[in-house]
Amino acid sequence: VVLLVTAIIIVLFLVYFDEIYNFFFDMAQKYGLSTRVFRKFENGVLFDNTSRQKFYNYSFDILNSSSSNFVFGTGICKDRILLAEQFSNTNNAYAYYPHNLFFEFFLQFGVILGALLSIFVVYVIIKSLFSKIDREVKNFFILFLAVGFVPLMFSMSYVTEPLFFCMIGAGINCIENSKYHKTIDNTH
């Protein structure tokens, strides 16, 4: 029954693909959402990652452009201006960032502080995932990990993403909760 229902849904999806596509495209336009993915699909370059690779390359070039940028970074959000200049679009600097959390740390804060921030984030994630705490607390952290961290590895910026900071807070809560449980376990 499950296979039959799945097959029917797939067939209906394929038969009515244009209508479904147009419906979601119109909804995105109506509510002011990005239509970039739709345009990439229409142009046949949905999985083409050349623009993202340009962001990485330009970010690396900016980081290595001076010893000051390498050691101290460009500063928060100045990286956007420098990347917008690389793309010759200084009117919309808001949209230009490295598209990777760790690369953004290195670019904004330099290699030393960027590495320390990256290590801190990885520490919080690993410590929280492997801590022995209540299942509900861990599920809360995993939820924020999924919505506040994972997208930052491919798109979005921590500067404009409050869910990242919620994930850090939830992770620190897991770590503190784990320490609290160890204290209780040791006293009994």
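Guide: Happy to! Please keep in mind that this is a predicted model. Let us begin with helix α2, which covers residues 17–30. Its 14 residues, at 1.5 Å a residue, should span 20 Å, and the C-alpha atoms at its ends are 20 Å apart, so expectation and model agree.

Now look at which residues of α2 are tucked away: Y21, F25 and A28 are the buried ones. They cover an arc of only 60° around the axis, which means that they sit on the same side of α2. Part of the cover over the buried residues of α2 comes from α3, residues 36–42.

Y21 and F25 belong to a cluster linked by ring pairs, together with F13, F17, F38 and F41. After α2 comes G32, a residue with a positive phi, near 70°.

From here we can follow the aromatic rings elsewhere. The count of aromatic pairs comes to 21. One of them joins F55 and Y96: the ring centres are 5.8 Å apart and the planes meet at 40°, so this pair is tilted. The pair links distant parts of the chain, as F55 is in helix α4 while Y96 is in the loop between α6 and α7, 41 residues apart. F55 is buried, with a relative accessible area of 9%, and Y96 is buried too, at 12%. Another ring to look at is that of Y94: R80 lies over its face, at 5.2 Å from the ring centre.

Stay with helix α4 for a moment, residues 50–64, where you will also find S59. This serine is buried, with a relative accessible area of 0%. Leaving aside neighbours within four places in sequence, S59 is in contact with L83, P98, F103 and L107.

Next, two residues in loops have a backbone angle worth a look. In general, most residues other than glycine have a negative phi. S88, in the loop between α6 and α7, has a positive phi near 55° without being a glycine. S88 counts as exposed, at 66% relative accessibility. M156, found in the loop between α8 and α9, also is not a glycine, and its phi is positive, about 65°. At 27% relative accessibility, M156 counts as partly exposed.

Let us finish with the cysteines. The structure holds zero disulfides. The sulfur of C77 has its closest cysteine sulfur in C166, 19 Å away, which is too far for a bond. For C174 the closest cysteine sulfur is again in C166, at 13 Å, so this distance is also too far for a bond. C166 itself lies in helix α9, residues 162–187, and counts as partly exposed at 35% relative accessibility. The C-alpha atoms of C166 and G148 are separated by 7.2 Å, although these residues are 18 places apart along the chain.

Definitions and conventions. Residues numbered from 1 in each chain as written. Predicted model: local features only at pLDDT ≥ 70, side-chain atom pairs only at ≥ 80, totals over all residues. Heavy atoms only, no water. Helix = DSSP H or I, 4+ residues; strand = E, 2+ residues; numbered from the N terminus. Buried < 20%, exposed > 50% of the residue type's maximum accessible area, 1.4 Å probe, protein only. Expected span 1.5 Å × (residues − 1). Arc of directions from axis to C-beta. Contact = heavy atoms within 4.5 Å. Phe/Tyr/Trp six-rings, centres within 6.5 Å; stacked < 30°, edge-to-face > 60°. Lys NZ or Arg CZ within 6 Å of the ring centre and 35° of its normal. Disulfide = S-S within 2.5 Å.
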